[in-house]
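Please look at the sequence and the structure before reading on.

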Amino acid sequence: MTGAGEPPASRIFVDADACPVKDEIFRVAQRCGLKVLVVANSPLRIPRNPLFEAVVVARGQFDGADDWIVEQITDRDIAVTADIPLAARCLEKGARALDAKGKVYSPDSIGDALASRELMAHLRAMGEMGGGPPPFTARDRSTFLQRLDDLIQAQRRVKR
C-alpha cells in the first residue's frame with residue numbers, strides 16, 4: 001500500500017499463455033510485495049494470494065491479451081512476454097519489458113528485435129528454416145530471475 005504522495009507500486013504483467021517462468025514470477029513478486037496480473041485467453045491456475053490476479057480476456061479474440069495489457073500497463077510496470085510486438089507496445093507506454101529467457105527489451109534494442117522477428121518469419125515461410133526456438137534451460141531460468149530482479153530494483157530507484 002502506498003502513502004499519500006507516493007506513486008503506486010510497480011506491477012508485473014504476464015503474457016501467460018505460454019510463459020514458462022510463472023512460478024518464478026510469483027516467488028519474486030511475493031518476496032518484493034508486487035502485484036502480478038496473469039493475462040491469458042483461457043483460465044489458468046495461479047497460487048491463492050491477494051497479490052496475484054488471473055485475467056481472462058475474450059476467448060478467440062486475436063491479440064486480446066496483448067491489447068488488455070497495453071491498455072492497463074503504465075511506466076511503473078514490467079511486462080513479461082515472448083511477444084516482441086507486445087514488448088514494443090509496452091515500451092511505448094514507458095513500461096519495462098523482458099522475455100522468459102531474461103532478454104530485456106529497451107527502446108534502443110526493440111527495433112532490431114522486431115526486424116529480426118520479421119526476417120525469421122520470412123525465412124520460415126520460404127522454407128529456409130525449420131523448428132522452433134532452442135529448448136528452455138536452467139540457465140535461461142536463472143538469467144530471467146536475475147534480470148527481473150534488476151528491473152524491479154531499477155523501478156524502485158526511479159520512484160525515490
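## Helix H2

Which residues are buried in helix H2 (residues 64-72)? In this predicted model, the buried residues of H2 are Gly 64, Ala 65, Asp 66, Ile 69 and Val 70. An α-helix has 3.6 residues a turn, so residues three or four places apart point the same way.

Six strands form an open sheet with mixed pairing. Their order in the sheet is S3-S2-S1-S4-S5-S6. Strand S3 (52-56) and strand S6 (104-105) stand at the edges. Each of these two has a single partner strand, so one side of each lacks a neighbour in the sheet.

H2 packs on this sheet and touches S1, S2 and S3. The direction of H2 makes about 165° with that of S1.

Why is S1 described as largely enclosed by the rest of the structure? The reason is burial, because four of the five residues of S1 are buried.

S1 pairs with S2 in the parallel sense, over five bridges. Within this pairing, Ile 12 has Val 36 in S2 as its bridge partner.

## From S4 to S5

How many bridges link S4 and strand S5 (residues 96-98), and in which sense do they pair? There are three bridges, and the pairing of S4 with S5 is parallel. In S5, Ala 97 stands opposite Ala 79.

## Cysteines

Are Cys 19 and Cys 32 buried or exposed? Cys 19 has a relative accessibility of 9%, and Cys 32 has one of 11%. Buried means under 20% relative accessible area, so Cys 19 counts as buried, and Cys 32 counts as buried too.

A disulfide is a covalent bond between the sulfur atoms of two cysteines. How many disulfides does the structure hold? The number is zero.

Conventions
Residues numbered from 1 in each chain as written. Predicted model: local features only at pLDDT ≥ 70, side-chain atom pairs only at ≥ 80, totals over all residues. Heavy atoms only, no water. Buried < 20%, exposed > 50% of the residue type's maximum accessible area, 1.4 Å probe, protein only. Disulfide = S-S within 2.5 Å. Pairing = 2+ DSSP bridges. Contact = heavy atoms within 4.5 Å. Axes fitted to C-alpha atoms, helices over the stretch in contact; angles between N-to-C directions.
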